[in-house]
Amino acid sequence: VGSAILNELANRNHDITAIVRNPKHTTNVKWITADIFNTSALSEALKGNDVVISAYNPGWTNPNIYEDFLSGSKSIQEAVKKSGVKRFITIGGAGSLFVAPNLQAVDTPDFPKEYHAGASAARDYLNILKEEKELDWAFFSPAFEMHQGITTGRTGKYRLGLENPVFNDDQKSILSVEDLAVVIADEVETPKHHQVRFTAAY
């Protein structure tokens with residue numbers, strides 16, 4: 001997700017500071033290696049930017065994904081506040097979307113067990129973020145189906161939603177990672193969501 005968002009923004013000629021594990025060399029991208037758990041150092045790296053986009057995920061196979069997701073996300077949020085950047089967009093999970101009144105996807109019997117810990121962490125972090133009053137934040141929940149098997153690539157088309165999944169005529173919630181990047185880049189350029197969660201799919 002992070003790479004797709006970076007590519008989309010770079011193709012739109014934005015100046016980007018990319019904080020990554022493995023820096024590369026790309027035009028109009030300033031690459032930085034930073035420890036997200038070092039809040040002070042991270043805030044220094046974020047200073048001077050207009051928007052911070054977080055696609056942080058400690059890894060689906062990480063046995064401590066729940067704790068690491070929450071602590072890492074909270075550290076990033078605090079670093080954004082310390083940096084003076086006001087606009088903060090974070091990529092969460094689809095598990096917190098409501099599939100029925102008072103029922104989130106992560107709490108349904110069919111939710112994949114291998115994603116439960118990470119999805120629960122993203123849901124719990126959304127509840128933490130809802131208490132944030134200083135930042136102009138937005139939390140993005142991807143579609144339910146967003147994996148490498150989706151071959152639509154970049155279409156530039158999508159439909160937006162808020163608390164509920166966006167379904168197509170076949171009752172599927174699908175979005176390619178390239179079009180997720182389009183959604184986020186469009187939100188950067190024309191902000192529509194302020195201190196709310198939103199989602200998108202075809």
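Colleague: Where in the protein is the confidence highest?

Modeller: This is a predicted model, and the mean pLDDT of the protein is 91, with 95% of its residues at 70 or more. Confidence is lowest in strand β2, residues 29-32, where the mean is 86, whereas the highest mean, 98, belongs to residues 136-141, that is, to strand β7.

Colleague: In what order do the elements of the protein run from the N terminus on?

Modeller: The protein contains five helices and nine strands. Read from the N terminus on, these elements follow the order α-β-β-α-β-α-β-β-β-α-β-β-α-β.

Colleague: What is the radius of gyration of the protein, and what does the globule rule give?

Modeller: The C-alpha trace spans about 45 × 35 × 30 Å along its principal axes. For 202 residues the globule rule gives 17 Å, and the protein comes close to this, so it is as compact as a globular protein of that length, its radius of gyration being 16 Å.

Colleague: What share of the contacts with a separation of 6 or more comes from residues 24 or more positions apart?

Modeller: Of the 202 residues, 45% count as buried, and the protein exposes about 10600 Å², of which carbon and sulfur atoms supply 49%. Among the contacts with a separation of 6 or more, the share from residues 24 or more positions apart is 72%.

Colleague: How far apart in sequence are the parts that the pair of F140 and F198 ties together?

Modeller: The structure holds four aromatic pairs, and one of them, formed by F140 and F198, is edge-to-face, with 5.0 Å from centre to centre and 65° between the planes. Since F140 lies in strand β7 and F198 in strand β9 (residues 196-201), the pair ties together parts whose distance in sequence is 58 residues.

Colleague: Are F140 and F198 buried or exposed?

Modeller: A residue counts as buried when its relative accessible area is under 20%. By that criterion F140 and F198 are both buried.

Colleague: Is the pair of F144 and F167 stacked, edge-to-face or tilted?

Modeller: F144 sits in the loop between β7 and β8, and F167 in the loop between β8 and α5, so far as the sequence goes 23 residues apart. F144 is partly exposed at 34% relative accessibility, and F167 is likewise partly exposed, at 31%. The ring centres of F144 and F167 lie 6.4 Å apart and their planes stand at 45°, so the pair is tilted.

Terms used: Residues numbered from 1 in each chain as written. Predicted model: local features only at pLDDT ≥ 70, side-chain atom pairs only at ≥ 80, totals over all residues. Heavy atoms only, no water. pLDDT = per-residue confidence, 0-100. Helix = DSSP H or I, 4+ residues; strand = E, 2+ residues; numbered from the N terminus. Phe/Tyr/Trp six-rings, centres within 6.5 Å; stacked < 30°, edge-to-face > 60°. Buried < 20%, exposed > 50% of the residue type's maximum accessible area, 1.4 Å probe, protein only. Rg over C-alpha atoms; globule rule 2.2 N^0.38 Å. Contact = heavy atoms within 4.5 Å. Areas by Shrake-Rupley, 256 points an atom, 1.4 Å probe, with all protein chains shown as cover.
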